[in-house]
Every structure is written in C-alpha cells, then in structure tokens.
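Subject: A structure for you to look at

Hello,

Here is the structure I promised to pass on. Please open it beside this email and take your time with it.

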Amino acid sequence: MKRQKTTETNSNNNLFDLLSEEIIFSILDFINTNPFDRKSFSLVCKSFYITESKHRKNLKPLRQEHLPRILNRYPHVNHLDLSLCPRINDSYLTVVSNICKDSLKSIDLSRSKFFSYNGLMSLALNCKNLVSIDLSNATELRDAAAAAVAEAKNLERLWLGRCKLITDMGIGCIAVGCKKLRLISLKWCIGVSDLGVGLIAVKCKEIRSLDLSYLPITNKCLPSILKLQYLEDIVVEGCFGIDDDSLAALKHGCKSLKALDMSSCQNISHVGLSSLISGAGSLQQLTLAYGSPVTLSLANSLKSLSMLQSVKLDGCVVTSAGLTAIGNWCIALSELSLSKCLGVTDEGLSSLVTKHKDLKKLDITCCRKITDVSIAYITSSCTNLTSLRMESCTLVPSEAFVLIGQRCQFLEELDLTDNEIDDEGLKSISRCSELSSLKLGICLNISDEGLSHIGKCSKLAELDLYRSAGITDMGILAISRGCSGLEMINMSYCIDITDSSLLSLSKCSRLNTFESRGCPLITSLGLAAIAVGCKQLIKLDIKKCHNIGDAAMLPLAHFSQNLRQITLSYSSVTDVGLLALASISCLQSMTILHLKGLTPSGLAAALLACGGLTKVKLHISFKSLLPQPLFEHLEARGCVFEWRDKEFQAELDPKCYKLQWEDIIAQ
C-alpha cells in the first residue's frame with residue numbers, strides 16, 4: 001500500500017516543473033523561428049507559460065487593438081516592432097509606456113502616422129532606457145513632436161525618414177537633448193537645412209552614422225560633419241546642393257569614415273570626390289550609383305583607398321579605361337556592383353576581375369554587351385564567389401554557364417533571370433552545394449531534366465521559375481524531394497504545372513511564399529494541399545488561376561493562420577471564399593480584381609470582417625457600388641485602398657512576352 005501511494009503522488013507532479021528557468025530559456029532559443037511552436041511550448045504547463053513570457057524580448061504585433069493584452073502577457077519586452085500596426089495613436093503609445101516602462105529599449109513606428117507630441121512625450125518620460133526609435137514615414141509630425149523625442153536623453157538611434165514637416169528648429173531640440181545619438185537618418189526631411197545638420201554635428205559628438213539623403217544642404221554644414229571624431233557611415237544620396245566647387249573648399253576629409261554613399265550626386269565628379277575622401281584611409285564601402293561617369297580620372301582618384309572592400313557603381317556610364325584602372329588598384333575588393341551600367345564590355349570587365357580574385361559578390365545585371373569571354377575570366381579568377389547576379393546578360397551563350405558550376409562552387413546566391421542557360425548549365429550549377437537562392441525566370445531553354453539536377457542542392461531556400469515555360473510537374477517533384485527546406489517558390493506562368501506539383505510542394509513545411517499566377521491547370525485541390533502542409537505560408541499569389549475557387553479558401557482560412565498577403569485577381573473565388581479568408585487575423589493585404597463571382601454586398605461584408613487589413617487593391621467599378629461611409633470606416637481602421645481601372649488582359653505566350661520585353665528595353 002505504501003508503494004502504491006508513492007507512485008500515485010509522483011504521477012500527480014509535473015516533471016517539467018523541475019526544470020530550471022535557465023534550461024527552459026535554452027530550449028526556447030532553439031524554437032524562435034515559428035511563432036506557433038512557441039505558443040505550443042507555452043501551453044505545456046504553467047511554469048512553461050510563465051517562463052516563455054519572461055524569455056520573450058522581441059514583439060511584432062499584427063493588430064494594434066490587441067496591444068494592451070499582448071504587453072500584459074509579455075511585460076519584459078525590450079524591442080517592440082509596431083511596423084505592422086498602421087493606426088498607432090497617442091493612446092496606444094501611452095499604454096506601451098505605462099506597461100513596458102524601463103524594460104523598453106527599442107520601438108519601431110515606421111508605418112504609422114497618427115501619434116503626436118503627447119504619445120512621444122509619454123514614451124520619452126516613462127521609458128528611460130529607450131535607445132532606439134524609428135519614426136520613418138510619420139509625415140504629419142512637426143517640431144513639437146521632435147521636442148518630445150528630445151526628452152529621451154539616452155537615445156542612440158533615431159530614424160526620421162520622410163518626416164517632411166520637421167524643420168531645423170525640431171532637429172535643434174533633438175541635437176541639444178539627445179547628445180548620446182550614434183545614428184540619425186534625416187532622409188527626405190526636406191524642411192531640414194544646413195543649420196539643422198550643423199547643430200547635429202556640433203552637439204552630438206558620438207555620431208557614427210548619418211543619412212542626409214535628398215536634403216537641401218550645401219557645403220556649409222560639411223566642415224562640421226567631417227570633424228566628427230567617430231563618424232563611420234555617411235549617406236548624401238541626391239544632395240544636389242553639393243558640387244565640386246563646394247567640396248574643393250574642404251581642408252580635410254574624415255579619417256574615421258568607413259562607408260560613403262554618394263548615389264545620384266551628378267554634380268560631383270572625381271574632383272569633388274577627391275576632396276571629400278582626402279585622408280579617409282579607413283574607407284571600406286563606396287557607393288557612387290547613378291552618378292558621374294566612371295572614367296580613368298575617377299578610378300585614379302580612388303586608388304589611394306587601401307582599405308576599400310566594396311564598390312557600387314550601379315547605373316553609371318563606365319569606360320573600359322575606368323574599369324581597367326579599378327583593376328589596377330593595389331587592393332582586394334570583396335564586392336563589386338555594376339548593375340545596369342552602360343559601357344561594360346568584355347575588355348574592361350575581364351581586366352578588372354583578373355586583378356580582384358578575392359571577390360565574393362559580383363553584380364553585372366543588365367550588362368548586355370558582355371559575352372562568354374567575361375564569364376570565362378570571372379569563373380577562372382573569382383572562384384570564391386558567394387553571390388553572382390547576371391540578369392539579362394543576353395549575349396552570353398548557353399555553354400558559358402557550365403563554367404559557373406565547374407569553377408564557382410561556393411555560390412550561395414545566383415541570379416540568371418532572362419538568360420540562355422540550358423539543362424547542361426543547370427547540371428553544372430548543381431555542384432554548388434551551398435546554393436540557397438536561384439533565380440531562373442524567363443529562362444526558356446531549361447526543362448525538367450535540368451531542374452532535376454538542381455534538386456540535389458539540399459540547401460536551396462528560394463527558387464524563381466517565373467515564365468520558364470519548359471518546366472512541368474516532374475521538375476517540381478525533383479525540387480520538393482531534394483530541397484525540403486524550400487521557403488519561396490515562384491512558378492508563375494509555367495502553364496503546364498498541375499495539382500501534382502502542389503501536392504509534392506506541400507511536403508515543404510517551411511514554405512512561406514508561393515506564387516503561381518497564370519497556371520491554368522492548378523485547381524482548388526492543389527491549393528488545399530499547400531494550405532494543409534505549409535502552415536507557415538505568408539504570401540500567396542494565385543492571380544489568373546481560373547480553376548481555383550471557394551473550395552481552396554476554406555482550408556486556407558483554417559490552416560494558413562500566418563497568411564498576410566494574398567492576390568486573388570481573375571480567379572473563381574466568390575463572396576463565400578472571401579468571407580472565409582476574413583477569419584485569418586494576420587491577413588493585411590488583398591488584391592481582388594476581376595472576380596466574376598464577387599458582389600458588392602459580399603465584398604463589403606468581407607472587408608468589414610477582416611479587421612487587420614492595411615491595403616486593398618480593387619477595380620474602380622466598386623468605388624461607386626459601395627457606400628462612402630464604409631470606406632471612411634475602413635480607412636479609419638488603417639486600411640488604404642488602391643483603385644485600378646484595368647481591363648481583362650489575354651495572356652501572352654512566354655516567347656512572345658520575351659520578345660515584347662526586349663523591344664521595350666531597346667527603345
């Protein structure tokens with residue numbers, strides 16, 4: 001009897017309660033990827049529930065109305081990301097500040113513009129340890145709100161992008177109050193001039209990173225900026241008031257500077273650039289996209305930068321002499337971007353890559369003059385490449401792509417969109433065992449045979465097959481079997497794809513992005529399989545999948561509770577299906593054009609029931625069919641409507657599409 005009593009007592013005790021908090025924290029560190037896993041974990045027992053609430057330090061709520069309940073559940077949060085909550089107002093910020101208090105260190109408000117001075121003041125006064133605030137896109141904020149931010153005395157990072165009503169006065173308050181600032185972004189703050197920027201430079205001596213993109217500044221504020229002792233990163237993209245003459249007056253550069261972005265500064269040539277970087281011997285990253293031509297003079301002005309690792313010249317006109325001069329630098333670049341550069345030829349590119357053999361990232365997107373000669377030099381010289389982007393290099397023949405797999409087997413990212421690669425090329429590329437992202441859109445020479453080889457790349461997470469019309473179910477089957485960790489696939493306009501492909505992809509449980517627009521053979525049965533098997537689905541595009549209807553929406557509503565964005569245009573979904581989707585609390589964006597079975601009353605009911613919507617694209621015909629108070633109500637909840645006046649478009653054959661695209665580019 002005694003033994004029986006002891007056994008009964010032990011069975012009533014929860015063995016999980018014996019685990020220490022440190023052990024439970026360690027377990028939770030391993031299940032951070034899927035929120036449903038954490039939820040299941042917290043429901044195991046009371047101690048797990050309590051410990052999980054203590055462990056959670058980062059929160060990204062989907063709905064602002066749930067904020068009080070969520071914060072009471074997780075009162076120890078350090079970072080609060082409210083970028084998915086577009087209707088945050090002063091009342092919500094007061095709730096945040098009263099619950100989180102000193103535990104809150106960082107808050108992201110970059111998608112809301114309905115708060116003001118009062119809410120920000122409450123944050124600043126109650127959350128004394130706040131070090132990071134993102135107020136980007138808060139276009140209604142004025143200087144009074146900036147004065148409230150200035151009360152956050154420990155602030156180190158502040159983003160004010162597109163706060164166009166803030167002036168020098170508001171920035172002056174921040175400069176005086178937030179002397180610990182290390183990063184500030186004033187991008188598109190067009191009310192800020194030399195005076196405001198100068199005050200930041202004079203008062204905030206700890207500044208490391210400064211974004212002044214598209215500000216109406218001149219050379220007047222530059223001397224004080226360049227005197228900042230710890231400045232490492234400065235962005236002056238689109239600052240048209242700065243030119244060679246103003247830079248020539250500078251007596252010294254910034255010795256601590258590590259990254260400089262002068263994109264779209266077309267008034268600055270190599271003369272002004274030389275003045276700005278004089279003495280900047282620590283510079284590691286230089287971006288000159290869409291600026292002055294890359295000539296021999298410009299290249300020579302940079303050769304003294306012995307620490308330079310990354311150069312981005314996207315959209316610039318380049319000369320062979322300029323590229324050759326870059327190749328002759330006595331440094332080893334690890335990243336080079338020549339995307340959409342006019343003037344890149346085999347001669348210039350080959351000369352460059354033979355000298356920079358340590359390149360890890362190379363972007364030659366839309367360099368339409370290069371041929372297999374360049375590919376031969378790239379693959380023989382830069383064998384340690386991890387990223388190669390070469391979309392629309394249309395003069396490169398199919399046999400050249402074999403060299404990529406033979407010689408560059410450390411590749412993790414490869415973009416071959418709109419190229420002549422064939423199955424032999426894919427077979428060679430399958431040797432790249434580290435490959436995680438592969439883009440093969442508009443590659444009309446590939447088939448299932450080639451894709452079956454790619455199925456051997458077990459680390460593949462992203463695959464783009466947009467308009468690659470030679471792909472059928474057999475190729476997708478090979479991918480689903482070999483790449484079980486697949487997270488994103490785009491097979492839009494692969495017109496021979498059927499439900500078989502979707503059934504095989506449903507085994508890829510990590511799939512979060514699925515795009516199959518223009519696949520006429522896919523039905524509701526296939527999409528239902530995706531819904532059941534891929535519960536982490538976030539983005540779904542089934543535009544022009546005419547055989548998908550309400551029967552697929554019901555499984556989606558039940559199993560795809562993570563779904564945030566869906567495109568239903570030209571499908572067979574009706575009022576019933578749309579109302580079913582409204583039960584997905586995470587759903588934020590819908591595109592619903594040309595749904596024949598959709599009625600005004602059904603649409604109105606679905607929009608009202610879907611409380612988390614932030615963006616809806618509709619045909620303009622519904623604007624007059626629905627009552628104006630409905631739109632006002634939904635907009636007050638934070639929903640933005642985008643109206644389209646688009647007639648039904650017949651689908652082009654993939655080859656015709658490519659020819660049409662080439663004609664547009666040629667023009």
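Predicted model: local features only at pLDDT ≥ 70, side-chain atom pairs only at ≥ 80, totals over all residues.

Residues are numbered from 1 along each chain as its sequence is written, and side-chain values use heavy atoms, with hydrogens and water left out.

The protein chain has 29 helices and 24 strands (DSSP runs numbered from the N terminus: H or I of at least four residues for helices, E of at least two for strands). Its radius of gyration, taken over C-alpha atoms, is 28 Å, close to the 26 Å from the globule rule for 667 residues, so the chain is as compact as a globular protein of that length. That rule is 2.2 Å times the number of residues to the power 0.38. The C-alpha trace spans about 85 × 70 × 65 Å along its principal axes.

Of the 667 residues, 54% are buried, meaning under 20% relative accessible area with a 1.4 Å probe, protein chains only.

Now try finding helix α16, residues 346–353. Seven of its eight residues are buried, so α16 is largely enclosed by the rest of the structure. Among those buried are Asp 346, Gly 348 and Val 353. The buried residues of α16 pack against α15 (320–327), β12 (335–337) and α17 (372–381), where contact means heavy atoms within 4.5 Å.

Enjoy exploring!

Definitions and conventions:
Buried < 20%, exposed > 50% of the residue type's maximum accessible area, 1.4 Å probe, protein only.
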